[in-house]
Amino acid sequence: MAALRELQHQTQESWQISTWAHRGCFAGGCATVLISLLKSLLLTAGGARPWPEPMFAALIGYVAADLATGIYHWAIDNYGGAETPVFGSQIEAFQSHHQHPSAITRRQLANNLYIPSAAVTLLFSPINVVSSDPALLGFAGVLAGCIMFSQQFHAWAHTPKGKLPPLVVAVQDAGIIVGRAQHAAHHRPPYNSNYCIVSGVWNRFLDKSKFFMAAEVAVFRVVGARPRSWSEPNSDRKLQEGGTNYHN
């Protein structure tokens, strides 16, 4: 078994393999999420709030995480480049992902999740320190956990069902996490729909309401930046004002 693991490690490319830095970031993110949830549980058990309140707050966190990943995914997909400060490497990786969508399934866990894990640790640790509200902690814990693991849900949405554990297939089929069929719609040019990658519950509303199209028009009018999706060959956006086509 050890020899098999060593062979698998040797055949993987360096960009797929988890380093100790990746594992450290992932461990920090997991600790942050667990502290939020455990603190919420203990405070609620101690009578700080009735049980339905932190449970409802946790549900809101789950729904909010799906929306947050959609907005972030849209922004990364459409704006900036490899030279963009802080986000450049992720922007470049997401563009590569459109060309090689199955590559994400070959990344090791911590390698895939270290960036959202680091963000979760940075953004949510202060809440753990200062808050004694179990509802806020329940909301923060579930929001943080779903955001952190969204990239793994994303990877599973690119993995054939036959290669997934039965539990993962079950939660995909139940709509608890985003499934392969729904996410596949995002990978058709111009890559301008189905951005949300936790449960995908927001995708239909955001796409039907043309939320992101309206945001793109607003960004274009304010700062003159065109989203990448406007340049895709299959883009059907004819954004006109006074006869002016914003594609040209």
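Which residue just after H7 takes a positive phi? Just after H7, Gly-175 has a positive phi of about 80°. The model is predicted: local features need pLDDT of at least 70, side-chain atom pairs count only at pLDDT 80 or more, and totals for chains, interfaces and linings use all residues. Residues are numbered from 1 along each chain as its sequence is written, and side-chain values use heavy atoms, with hydrogens and water left out.

View 1. Helices are DSSP runs (H or I, at least four residues), numbered from the N terminus. In H7 (residues 166–173), Val-168, Val-169 and Gln-172 are buried (under 20% relative accessible area, 1.4 Å probe, protein chains only). These buried residues fall within an arc of 100° when seen down the axis of H7, so they line one face of the helix; the arc is that of the directions from the helix axis to the C-beta atoms. Pro-166 and Leu-167 are exposed (over 50%) on the face turned away from the buried side.

**View 2. The packing of H7 against H6.** The buried residues of H7 pack against helix H6 (134–156), where contact means heavy atoms within 4.5 Å.

**View 3. The pairing of helices H2 and H6.** Helix H2 (residues 20–45) packs with H6 at an angle of about 155°, their axes 8 Å apart. Axes are lines fitted to C-alpha atoms over the stretch in contact, and angles run from 0 to 180 degrees between N-to-C directions. The two helices H2 and H6 are therefore roughly antiparallel (angles over 145 degrees). Among the residues making the contact are Phe-26 and Gly-29 of H2 and Met-148 and Phe-149 of H6.

Terms used. Angles under 35 degrees count as roughly parallel, over 145 as roughly antiparallel, 65 to 115 as roughly perpendicular and the rest as oblique.
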